[in-house]
Amino acid sequence: LQDETSILDLNNAYLMKYVADIISTVEFNYSGELLATGDKGGRVVIFQREQESKNRLLSRGEYNVYSTFQSHEPEFDYLKSLEIEEKINKIRWLPQQNAAHFLLSANDKTIKLWKISERDKRAEGYNLKDEDGRLRDPFRITTLRVPVLMPMDLMVEASPRRIFANAHTYHINSISVNSDYETYLSADDLRINLWHLEITDRSFNIVDIKPANMEELTEVITAAECHPHQCNVFVYSSSKGTIRLCDMRAAALCDRHSKFFEEPEDPSSRSFFSEIISSISDVKFSHSGRYMMTRDYLSVKVWDLNMENRPVETYQVHEYLRSKFAIMTGSYNNFFRMFDRNTRRDITLEASRENSKPRAMLKPRKVCTGGKRKKDEISVDSLDFNKKILHTAWHPKENVIAVAATNNLYIFQDKIN
């Protein structure tokens, strides 16, 4: 019995470690040289892109571990008897202003601002302390000396600079840095707050959809995003499949939207699952700020900010359930889909260790929905719905993508000639 208990404890420990390693968010920095991932164990792992050299011409697409640090710890809210997980929900980088890098990381309740800096020199020759850091006896100090900087092995340090807490009753689902680079948004199920990066003890509530009677609640906020160029404009999506664009110049509390984006539903296709599959899980602006992309359960839609009644483009993601890549999104069985906006063609690829050897070409995967299955096709009945791509990121300037599949991170790049 003791041996069986020990084995059970080992299995539980392994399972907890496996769960903690599951990647929960992926984000490139503004230059694309750094890639940050957050996991369910509250850790942030930063990868740095290899610099191209004459000896290693093909190494430029490779990312190696640059820094790892524990961002959040599990907590317990005794007033609400609620356990707060350490899982990292979102990571957002700030534009680099000096030699250091800054990023925001958020779990369900708390947002932290981290400084990532390098140190390759250390000061030696202090007057008041020895080289090991111990304070010297003042009576033993008979001469003054000037400390000097000595070279040392490169060390990357992550230090928390700000902690933004106690502002969200519900779970934080989004953070978005504003284009003024001084403020940012944080959103939970019912509220959106505006923060200043230098002020941690208060924030401004700019959206509040909580009804006086919670039984009258019909929708929740699912994502929020700042406009890339206009610091007064932001959008947020809802579980009803709608997107609201708000202008902070109109009122301090944006309870009235400036624009309302919704595609009318075809009554003939309405079903019991219509409201569930229409819920928008994420919204992103294009680099120009003219368009925005939304993801619901079955499709990716591209909206023109000047046209509210319908999207300009719609890409079906799970069509089997119901080249110049421009749009990427995840699917089941560790599949992810790529869509070419010009040719309207799409391709299904798989993120797995079996077919992802370094420098290997990914082969398109096809799903057979019925009839006779071809040799290279996979039956829809054999899809593993426990394996799903939930977090992806696209390099801001090049065809390099990062795909998180549970506790594995895959980095793919366009074919190198």
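1. Ground rules. The model is predicted, and local features need pLDDT of at least 70, side-chain atom pairs count only at pLDDT 80 or more, and totals for chains, interfaces and linings use all residues. Residues are numbered from 1 along each chain as its sequence is written, and side-chain values use heavy atoms, with hydrogens and water left out.

2. Strand β2. Residues 34-39 form strand β2, and six of its six residues are buried. Buried means under 20% relative accessible area, exposed means over 50%, and partly exposed lies in between (1.4 Å probe, protein chains only). Strands are DSSP runs of E with at least two residues, helices are runs of H or I with at least four, and both are numbered from the N terminus. In a regular strand the side chains alternate between the two faces of the sheet. Here L34, A36 and G38 point one way, while L35, T37 and D39 point the other way.

3. Partners of β2. Two strands pair if DSSP finds at least two bridges between them. Strand β1 (residues 23-28) pairs with β2 in the antiparallel sense over five bridges. Strand β3 (residues 43-49) is also joined to β2 by five bridges and runs antiparallel to it.

4. The hairpin of β1 and β2 has five residues between the strands, and G32 takes a positive phi near 85 degrees. The hairpin of β2 and β3 has three residues between them, and G42 in the turn has a positive phi of about 80 degrees.

5. A four-strand sheet. The order β19-β20-β21-β22 makes an open sheet with antiparallel pairing. β19 (282-285) and β22 (313-316) are the edges; each has a single partner strand, so one side of each is left without a neighbour in the sheet. Neighbouring strands of this sheet are turned by 15 degrees against each other on average, direction ignored. The axes behind such angles are lines fitted to C-alpha atoms, for helices over the stretch in contact, and angles run from 0 to 180 degrees between N-to-C directions. β19 pairs with β20 (residues 291-295) over four bridges. K284 has M293 in β20 as its bridge partner.

6. D304. This residue lies in strand β21 (residues 299-304). D304 counts as buried at 9% relative accessibility. Its side chain makes a polar contact of 2.9 Å with that of R290. A polar contact is a pair of N or O atoms within 3.5 Å; within protein, one must be able to donate a hydrogen and the other to accept it, and residues adjacent in sequence count only if both atoms are side-chain atoms. Which residues does D304 touch, not counting residues up to four places away in sequence? They are F261, R290, Y291 and V312, with contact meaning heavy atoms within 4.5 Å.

7. Aromatic pairs. Rings of Phe, Tyr and Trp (its six-membered ring) pair if their centres lie within 6.5 Å; planes under 30 degrees apart are stacked, over 60 edge-to-face, and the rest tilted. The count comes to twelve aromatic pairs. F76 and Y78 have ring centres 5.0 Å apart and planes at 65 degrees, so the pair is edge-to-face. F76 is partly exposed at 41%, and Y78 is exposed at 70%.

8. A pair across the chain. The rings of Y332 and F385 have centres 5.0 Å apart and planes at 75 degrees, so they are edge-to-face. Y332 sits in the loop between β23 (327-330) and β24 (335-339), F385 in the loop between β27 (377-379) and β28 (391-394), 53 residues apart. Y332 is buried at 14%, whereas F385 is partly exposed at 38%.
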